[in-house]
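Trainee: I would like to go through a structure and ask what lies behind the words used for it.
Mentor: Then have it in view while we talk.

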Amino acid sequence: MSLKMHKVLLGIGTNTDVCFNMEQAIDYLLSYFPSIKFTSTIKTEAYGENYTAPFLNSLAYFETYKSKDEVELKLKAIEKKMGRKTSHKTEGKIIIDIDLIKWDNEVLKPNDFKRDYMHELMLEVQKFVDDL
């Protein structure tokens with residue numbers, strides 16, 4: 001555990017049984033990170049190769065003393081628990097995708113910020129935190 005409080009922004013997406021999977025992901029994230037806050041969800045058209053089903057997307061923000069590696073391990077554990085398999089991407093199926101998109105001031109997934117829905121969801125995140 002580090003002594004520094006880290007600011008964490010997650011991107012959450014699903015295109016399979018979207019309401020159930022989004023709710024389940026939120027429940028898991030709350031159990032690991034009790035202070036986490038979520039934006040509303042936005043339905044978006046399928047994007048990228050292989051995907052045909054629309055997505056449900058959300059952002060989440062929390063602060064933690066855990067290391068980036070610890071947080072990433074928890075996120076992968078949730079995805080695995082929910083049944084995500086590496087073969088699903090080629091099948092166009094995303095049960096759940098939980099990405100660490102920003103860690104403190106470091107943008108880890110710059111392309112995610114270019115998506116149409118991100119501006120709207122980031123405005124919601126700003127209500128949780130002043131300096132993300």
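This is a predicted model: local features need pLDDT of at least 70, side-chain atom pairs count only at pLDDT 80 or more; totals for chains, interfaces and linings use all residues.

Trainee: Why is Cys-19 called exposed?
Mentor: Exposed means over 50% relative accessible area. Cys-19 has a relative accessibility of 52%, so Cys-19 counts as exposed.

Trainee: What makes Asp-104 buried?
Mentor: The cut-off for buried is under 20%. Asp-104 has a relative accessible area of 15%, so the residue is buried. Asp-104 sits in the loop between β5 and β6 (106-107).

Trainee: How do you know that the span of α1 is close to the expected one?
Mentor: The expected span is 1.5 Å times one less than the number of residues. α1 has 15 residues, for which 21 Å is expected, and it reaches 21 Å from its first C-alpha to its last. For α2, with 14 residues, the span is 20 Å and the expected value is 20 Å.

Trainee: Which residues of α1 are buried?
Mentor: Asn-21, Met-22, Ala-25 and Leu-29. They cover an arc of only 100° around the axis, so they are on the same side of α1. The face turned away from that side has the exposed residues Cys-19, Glu-23, Asp-27 and Ser-31. The buried ones pack against β1, β2 (37-38), β4, α2 and β5.

Trainee: Why are the buried residues of α2 said to line one face?
Mentor: The buried residues are Val-71, Leu-75, Ile-78 and Glu-79. Seen down the helix axis they fall within an arc of 100°, so they line one face of α2. Asp-69, Leu-73 and Lys-80 are exposed on the other side. The packing partners of the buried residues are β1, α1, β4 and β5.

Trainee: What makes a group of residues a nonpolar core?
Mentor: The largest core here has 20 residues, and Leu-10, Ile-12, Leu-29, Leu-75 and Ile-98 touch the most other members. β1 (6-14), α1 (18-32), β4 (55-64), α2 (68-81) and β5 (97-103) each supply at least two residues. A separate core of eleven residues includes Leu-9, Leu-59, Leu-121 and Val-125.

Trainee: What does Leu-29 touch?
Mentor: Leaving out residues up to four places away in sequence, Leu-29 touches Leu-10, Ile-12, Ile-36, Phe-38, Leu-75, Ile-78 and Ile-98.

Trainee: Which element gives the most to the lining of the largest pocket?
Mentor: β5, with five residues. The lining has 26 residues, and Asp-97, Ile-98, Asp-99, Lys-109 and Asp-112 lie nearest the centre. The volume of this pocket is about 460 Å³.

Conventions
Residues are numbered from 1 along each chain as its sequence is written. Side-chain values use heavy atoms; hydrogens and water are left out. A nonpolar core is a set of buried Ala, Val, Leu, Ile, Met, Phe, Trp, Tyr and Cys residues joined through side-chain atoms within 4.5 Å. Buried means under 20% relative accessible area, exposed over 50%, partly exposed in between (1.4 Å probe, protein chains only). Helices (H or I, at least four residues) and strands (E, at least two) are DSSP runs, numbered from the N terminus. Contact means heavy atoms within 4.5 Å. The arc is that of the directions from the helix axis to the C-beta atoms. On a 1 Å grid over the protein atoms alone, a cavity is a set of points where a 1.4 Å probe fits but cannot get out, and a pocket is an open set with protein on both sides within 12 Å along at least five of seven lines; lining residues have an atom within 4 Å of a point. Grid points are joined across faces, edges and corners, and a volume is the space filled by probe spheres set on the points.
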